[in-house]
Amino acid sequence: MENYLNLEKLSNDLKNLFQNENQNESYFDFEIICEQNQTSFKTHKSILSSRSYYFKSLFNSKMKEYQENKIILKDVSNSILSSILNYFYSGKIEINLENAIEILIFSSKYLIDELINVSSNFIKNNLQPETIFILDNFEQFIKTPFFLELEENHLNFILSNDEISANEFKIFQTIIKWGKHKSNINQEKELEKKEKEKLQDQISNVIDKIRFIDFSKQELKDILKEDLIPNQISQKLIQFQKLQQNDELNQFIEKENQNTLIFKSRIIFKSSIILKEKEHIHKLKKWINDNRFFSKMKKGFSAKRDGFDCKKWHSICDNKGKTLIIIKTNKNYIFGGFTSVGFTDDKSKWKKGNWSFSSGYIPDKNAFIFSLRNDKNDRKPQRFKIIQGQEEYSIYYSYFNHGPIFGLSESEGPDFLLSSSLKSGHTNLGSSFHLPKGIEFNSKEAKSYLAGSYNEWKVNELETYFI
């Protein structure tokens with residue numbers, strides 16, 4: 001008797017079963033659609049259920065997806081989904097510095113135990129600041145079981161990184177979970193005094209890496225009330241609270257930043273192609289004056305990444321609330337605008353408009369335009385607020401014909417406009433937003449102030465940020 005084993009051939013045959021586009025469609029019985037680019041993958045329920053507890057439960061529950069024989073996945077890229085489905089069939093997958101976190105996040109959500117273990121070990125063995133912890137999906141990473149298993153030195157290493165992109169309060173909540181997990185404290189029950197002391201001791205060496213300065217006033221109030229953080233940190237936060245409306249605040253922060261990270265914001269706009277100068281970032285933070293916005297915002301749209309097309313811009317950026325728009329021209333001018341209400345297709349929020357063309361004005365008394373860089377050395381970064389009485393013309397929504405528009409579109413206005421291609425536009429500062437002193441509306445200077453000319457400029461990049 002002789003046992004014949006050829007796992008390599010079995011792996012290749014199953015892989016071909018998944019990848020072969022010429023297969024009879026009747027062979028497949030379940031479709032997985034990647035929402036990101038609407039890519040469709042034909043699969044088999046038997047394979048999916050044997051490789052993932054999530055799919056096994058889904059099929060056993062006879063839910064809508066089971067009845068319709070398809071599911072749409074919203075939280076994964078096409079490349080990661082393709083790699084994992086290939087793994088389901090062949091048992092082979094390449095894990096590297098670029099995809100390790102995404103594989104871990106997907107595997108944790110869809111209960112693929114083997115990949116959770118493999119990707120976790122890879123991350124642990126390749127813990128470097130220039131790899132995984134600069135990625136934009138850190139907020140998803142802290143939701144994985146692996147995060148709770150991190151050793152204290154690894155956690156300190158991660159939290160010390162200024163370029164983490166995640167909501168700081170959510171990071172704090174995860175650190176509390178980590179501390180409870182390491183201390184064998186029930187995650188759900190209300191803590192007694194001894195348990196609080198045990199937790200405080202567990203997190204004492206990592207809690208000073210949390211950037212409490214990026215908390216909202218209410219978040220700060222809530223955590224102090226819960227009494228979960230060590231007394232030394234609590235006292236500093238109480239002092240910080242008292243100074244929030246005091247001129248001594250900046251001096252206090254400057255002094256504390258010499259010894260601790262809790263009052264030092266993490267780097268924002270790290271993924272920006274446009275914003276590279278600290279002065280520009282500092283000015284935007286000061287002008288918008290909303291820590292919650294900066295701690296939660298993301299670069300939702302990039303023309304170079306997502307395409308120079310106004311409909312694409314609207315599909316991503318409409319109905320997002322507070323929105324920051326930054327434009328860089330082919331002549332290296334940098335300007336943009338901020339709206340506290342955002343661009344919306346909800347006509348009930350339009351003050352005036354052309355309903356048949358899906359366009360209308362959206363009032364916003366807090367909107368402003370800014371200039372960060374131009375060809376005049378004596379021009380520092382400037383903000384231009386809305387002119388009193390012009391609030392109802394702050395921004396203009398135009399789905400079919402334009403990208404972002406700020407100001408009244410009359411008399412060679414608005415203050416600035418991007419065309420449907422997002423590659424060009426025109427500027428005429430002073431239509432609805434204040435002009436610098438000594439410059440008249442409709443003058444050559446007014447038309448060239450933001451971009452160097454009225455319309456003889458091109459967009460090099462357009463970035464849009466929102467929560």
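This is a predicted model: local features need pLDDT of at least 70, side-chain atom pairs count only at pLDDT 80 or more; totals for chains, interfaces and linings use all residues.
Visitor: What makes strand 13 and strand 14 a pair?
Guide: Strand 13 and strand 14 (residues 425-427) share 3 bridges in the antiparallel sense. Leu417 stands opposite His426 in strand 14. The hairpin of strand 13 and strand 14 has 5 residues between the strands, and Leu422 in that hairpin takes a positive phi near 65°. A strand here is a DSSP run of E with at least two residues, a helix a run of H or I with at least four, and both are numbered from the N terminus.

Visitor: Which way do the residues of strand 13 point?
Guide: From strand 13 (residues 416-419), Phe416 and Leu418 point one way, whereas Leu417 and Ser419 point the other way. All are buried.

Visitor: Why is Leu104 called buried?
Guide: The relative accessible area of Leu104 is 0%. Buried means under 20% (exposed is over 50%, partly exposed in between, with a 1.4 Å probe and protein chains only), so Leu104 is buried. Leu104 sits in helix 6 (residues 100-109). Leaving aside neighbours within four places in sequence, Leu104 is in contact (heavy atoms within 4.5 Å) with residues including Ile116, Ile123, Phe141 and Phe146. Leu104 and Ile123 are 19 residues apart along the chain, and 9.1 Å separates their C-alpha atoms.

Visitor: Why do Asn99 and His44 count as buried, although both lie in loops?
Guide: The cut-off looks at accessible area. Asn99, in the loop between helix 5 and helix 6, is at 11% relative accessibility and therefore counts as buried. Phe30 is 14 residues from His44 in sequence, and 5.6 Å from His44 in space, C-alpha to C-alpha.

Visitor: What makes strand 2 and strand 3 edge strands?
Guide: The open sheet has 3 strands in the order 2-1-3, with mixed pairing. Strand 2 (39-43) and strand 3 (70-73) each pair on one side only. Strand 1 (residues 30-34) and strand 3 pair in the parallel sense over 4 bridges, and Ile32 stands opposite Ile71 in strand 3. Helix 5 (residues 78-90) lies across strand 1, strand 2 and strand 3, at about 10° to strand 2.

Visitor: Why are helix 10 and helix 11 called roughly antiparallel?
Guide: The axes of helix 10 (residues 152-159) and helix 11 (residues 168-182) come within 13 Å and cross at roughly 175°. Angles run from 0 to 180 degrees between N-to-C directions, with axes fitted to C-alpha atoms (for helices over the stretch in contact). Over 145 degrees is roughly antiparallel (under 35 roughly parallel, 65 to 115 roughly perpendicular, the rest oblique), so helix 10 is roughly antiparallel to helix 11. In this contact, Glu152, Leu155 and Leu159 in helix 10 meet Ile171, Ile175 and Trp178 in helix 11.

Visitor: Why do strand 4 and strand 10 stand at the edges?
Guide: Strand 4 (298-302) and strand 10 (382-385) each have a single partner strand, so one side of each is left without a neighbour in the sheet. The order of this open sheet of 6 strands is 4-15-5-6-9-10, and the pairing is antiparallel. The twist averages 20° from one strand to the next. Strand 9 (residues 368-373) and strand 10 are joined by 4 bridges, and Phe384 in strand 10 is the bridge partner of Ile369. Helix 16 (residues 278-288) packs on the sheet and touches strand 5 (323-329), strand 6 (334-339), strand 9 and strand 10. The direction of helix 16 makes about 165° with that of strand 9.

Key:
Residues are numbered from 1 along each chain as its sequence is written. Side-chain values use heavy atoms; hydrogens and water are left out. Two strands pair if DSSP finds at least two bridges between them.
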